[in-house]
Amino acid sequence: MADASKRKKRPVDDRDQIGGPKRSKGNSRGKWQTPHQITKSASRGGGARIEPGDQGIWATCAKGQEGRATGELFTMFAECAERFYGILAAPEENLGGDDEDDEDVDIEASIKKEMATIGESRKQPKLFSSVRTNAPCVLFFKTRAPIDPCEFVHRICNEIVADPKVKRLKYINRLTPMILMGRATESGLQEVGKMVLAKHFRLSGDDVQKESGTDEGVLPSYAIRPTIRTHRELQRDVVIKAVANMVDNAHGVNLTKPDKVILVEIYQTVCGMSVVGDDWEALKRYNISELYGGYKANIQAKNGSLPQEALPEAVSINEVTQAS
């Protein structure tokens with residue numbers, strides 16, 4: 001009876017030893033993943049980060065559509081890079097696609113796609129790298145030379161104004177170019193500001209004329225437009241005052257029709273800055289959705305489906321040309 005009450009011992013394997021590999025708990029954790037899937041999972045968990053010294057483009061998108069927005073924006077960036085500079089951009093590995101996890105994947109097809117992607121990537125420069133942020137509706141794309149974020153976004157907006165019938169973006173709203181990124185501290189803001197502003201303005205205490213500055217007495221006016229997201233250290237008024245103190249007093253401040261606009265974007269621990277031209281307002285502050293919307297409203301008004309008094313202020317190619 002004593003022997004019968006004893007339970008049969010199961011064989012001991014490596015998983016029962018301390019420090020041995022853990023047993024799979026099922027679901028997708030025990031599934032084999034392709035390098036593409038691993039990269040995609042890493043991007044959702046953080047992946048690439050925005051570092052001081054980076055340059056790139058912020059983008060806002062429709063809520064809950066961050067993955068699809070990343071894909072369509074990369075496609076448009078790649079097409080524009082080829083059209084503007086004659087350069088084929090390397091394919092992006094973590095575009096996001098659907099905003100749900102991929103459960104059933106053809107492993108063989110995924111491996112072939114991954115090998116093809118690796119082969120193409122070796123031949124083509126990686127001009128754009130997406131960084132998925134933790135903030136809803138906010139995306140960031142790092143850019144590399146020869147892409148100049150300000151000139152690149154400006155050309156995209158002008159192209160939309162010239163031919164708004166061809167709508168390439170469904171989920172993207174505003175694009176904000178960043179010439180240089182730094183740390184979101186007072187000293188970091190000073191470092192970024194001196195490097196970016198020196199190409200467009202005479203700095204405080206600097207007696208040497210800058211290349212982009214004009215003759216004495218005709219120096220460009222400016223306005224400062226800061227945006228702060230999930231950050232508490234630097235307040236809006238502190239940022240505006242710090243940037244304004246870097247620019248020589250010979251430059252006038254014009255909040256309605258400035259010659260140049262200083263864009264400052266602060267997100268968590270990083271800050272970025274750029275300087276855009278006097279047509280930034282005419283181009284709806286680089287809001288792609290509004291540029292398309294102005295064209296649609298014009299068409300509706302002409303067809304009589306929208307009252308003329310309800311017509312929003314829509315930008316025209318002539319207006320942009322005059323502003324430039």
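Predicted model: local features only at pLDDT ≥ 70, side-chain atom pairs only at ≥ 80, totals over all residues.
Let me start with leucine 263, which stands opposite serine 274 in S8, at a place where strand S7, residues 260-267, and strand S8, residues 270-276, run antiparallel and are joined by seven bridges. When I say strand, I mean a DSSP run of E of at least two residues, just as a helix is a run of H or I of at least four, and both are numbered from the N terminus. Two strands pair if DSSP finds at least two bridges between them.

Residues are numbered from 1 along each chain as its sequence is written, and side-chain values use heavy atoms, with hydrogens and water left out.

Stepping back to the sheet, what is the order of its four strands? The sheet is open and reads S5-S8-S7-S6, with mixed pairing. Its edge strands are S5, at 180-183, and S6, at 222-229, each of which pairs on one side only. From one strand to the next, the twist averages 20°. Helix H7, residues 236-246, lies across S6, S7 and S8 and runs at about 145° to S6; here axes are lines fitted to C-alpha atoms, for helices over the stretch in contact, and angles run from 0 to 180 degrees between N-to-C directions, with contact meaning heavy atoms within 4.5 Å.

Now to the salt bridges, where a side-chain nitrogen of Lys or Arg is within 4 Å of a carboxyl oxygen of Asp or Glu; a search of the whole structure finds six. Glutamate 265 lies in strand S7 and arginine 229 in strand S6, so the pair ties together parts that are 36 residues apart in sequence. Glutamate 265 is buried, at a relative accessible area of 6%, where buried means under 20%, exposed over 50%, and partly exposed in between, using a 1.4 Å probe and protein chains only.

Another salt bridge joins glutamate 159 to arginine 83, with closest N and O atoms 2.7 Å apart. This pair links distant parts of the chain, since glutamate 159 is in helix H5, residues 149-162, and arginine 83 is in helix H3, residues 66-85, 76 residues apart.

Within helix H5, glutamate 151 and arginine 155 are four residues apart and therefore separated by about one helical turn; they too form a salt bridge, at 3.5 Å between the closest N and O atoms.
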